[in-house]
Amino acid sequence: MLQALNRALSLALERDPRTIVVGEDIEGPYGGAFGVTRDLSARFPGRVLNCPISEATIAGLAAGCALTGRPVVAELMFSDFTALAFDALANTWSKIPTMFGRHVQLPVLVRTPTGAGRGYGPTHSQSLQKHFIGLPNLSLYE
């Protein structure tokens with residue numbers, strides 16, 4: 001699965017030179033919590049970017065870049081931390097496409113692992129998907 005995700009991100013970065021990936025510890029050599037972005041920062045310099053440990057900041061950065069037409073993949077280390085980005089996701093991302101009186105594209109995707117069967121405990125193993133179902137203009141894929 002990790003290799004397939006890495007390949008999918010690689011293809012997205014190859015296909016559109018405007019695309020960026022943002023998240024915590026995603027630059028090489030580490031490549032994120034599970035190594036999904038391993039080697040991508042070396043292959044795509046300046047387009048796979050480490051962010052501060054602040055999911056709200058990552059969500060805000062992603063929305064801002066996407067509003068300028070720059071496709072963004074925002075990686076959060078664990079899906080539990082989407083709660084920290086929920087305000088931006090529910091009150092900004094989901095409403096931007098209609099707030100301007102016309103449809104506005106927001107080319108942004110959040111990629112985050114859920115559970116993973118590794119026993120990371122109560123703050124790293126929740127499934128918060130239900131909180132996103134029904135938000136306007138957001139799609140949930142699992």
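A polar contact is a pair of N or O atoms within 3.5 Å; within protein, one must be able to donate a hydrogen and the other to accept it, and residues adjacent in sequence count only if both atoms are side-chain atoms. The side chain of R47 makes contacts of this kind with two backbone oxygens, as the table shows.

| Side chain | Backbone oxygen | Distance |
|---|---|---|
| R47 | L13 | 2.7 Å |
| R47 | D16 | 2.9 Å |

This is a predicted model, where local features need pLDDT of at least 70, side-chain atom pairs count only at pLDDT 80 or more, and totals for chains, interfaces and linings use all residues. Residues are numbered from 1 along each chain as its sequence is written, and side-chain values use heavy atoms, leaving out hydrogens and water.

Now for the cores. A nonpolar core is a set of buried Ala, Val, Leu, Ile, Met, Phe, Trp, Tyr and Cys residues joined through side-chain atoms within 4.5 Å. The largest one has 22 residues, and V22, I58, V72 and W93 touch the most other members. α3 gives the most to this core, with 6 residues. A second, separate core has 13 residues, including L13, V21, M77 and F81.

Methods
Buried means under 20% relative accessible area, exposed over 50%, partly exposed in between (1.4 Å probe, protein chains only). Helices (H or I, at least four residues) and strands (E, at least two) are DSSP runs, numbered from the N terminus.
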